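Let's walk through this protein model together, one step at a time. Keep the sequence and the 3D view side by side as you read.

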Amino acid sequence: MWEPSVVVIAILLGRSTSAVQTMASRKGLPRRDIEPETHRRRWTEQENAEYDAEKRRLRREDGRTPLVELAHALRKSLDTVAIHFLQEVGTTENFLRHAWLPEPPRLDEGRQSRRLECAPVDRRKTPMIRKCLSCEKGFWSEGAHIRRCPNCKAEDEGF
Ligand SMILES: [Zn+2]
């Protein structure tokens, strides 16, 4: 069973999280917010070490990382782990190539994109993947004013 994750669905659909949330509410699904805090701060050294160790332990024979199992092992939400994984691999293409997810949600592509086009979207306020101005890697940005990834930001602040 896989926990519904706004972030993972957004990446699979190539949409912003707010578009996914709009879509969910139109289908009468309960609103799910991305777990606050955990993805906004830089992970501690211990968290990174646990992530690396569990990732190595769980890696499949095809080289892919099972994100749901990884999130369970780390006792973190799938959203948080997916965002961390995305930051690590840099782009959504790499994410889709290296992540493994059981039973992806069935997508009714045509209908969904027609609906999404009707949704008013302010891209500046939309949480989405943006390119870091410093290291140029893709990272999870909550709005257009956040232009640098947590790693570069933490380095600047002298941590
Ligand atoms: Zn950066």
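A crossing of two helices is called left-handed if the near helix is turned anticlockwise from the far one by less than a right angle, and right-handed if clockwise. What you see is a predicted model, in which local features need pLDDT of at least 70 and side-chain atom pairs count only at pLDDT 80 or more, while totals for chains, interfaces and linings use all residues. Residues are numbered from 1 along each chain as its sequence is written.

Let's begin with the overall plan. The chain has eight helices and four strands (DSSP runs numbered from the N terminus: H or I of at least four residues for helices, E of at least two for strands). Reading from the N terminus, their order is α-α-α-β-α-α-α-β-α-β-β-α.

Now find helix H5 (residues 78–89) and helix H1 (residues 6–13), whose axes come within 7 Å and cross at roughly 45°. Axes here are lines fitted to C-alpha atoms, for helices over the stretch in contact, and angles run from 0 to 180 degrees between N-to-C directions. H1 is therefore oblique to H5 (under 35 degrees is roughly parallel, over 145 roughly antiparallel, 65 to 115 roughly perpendicular, and the rest oblique). Val 6, Val 7, Val 8 and Ile 11 of H1 meet Leu 78, Asp 79, Ala 82, Ile 83 and Leu 86 of H5; residues are in contact if their C-beta atoms, placed from the backbone, lie within 7 Å.

Is Val 7 buried or exposed? Val 7 is buried, because 24 other C-beta atoms lie within 10 Å (20 or more means buried, 12 or fewer exposed, and in between partly exposed, with C-beta atoms placed from the backbone). The C-alpha atoms of Val 7 and Asp 79 are 5.5 Å apart, although 72 residues separate the two along the chain.

H5 has another partner: helix H4 (residues 67–74) packs with H5 at about 115°, their axes 9 Å apart. That angle is why H4 counts as roughly perpendicular to H5. Here the opening idea returns, as H4 passes H5 in a right-handed crossing. Leu 67, Val 68, Leu 70, Ala 71 and Leu 74 of H4 touch Leu 78, Val 81, Ala 82 and Phe 85 of H5.

Finally, look at strand E3 (residues 128–131) and strand E4 (residues 138–141), which pair in the antiparallel sense over four bridges; pairing requires at least two bridges found by DSSP. Met 128 sits opposite Ser 141 in E4.

Note on methods: Two residues are in contact if their C-beta atoms, placed from the backbone, lie within 7 Å.
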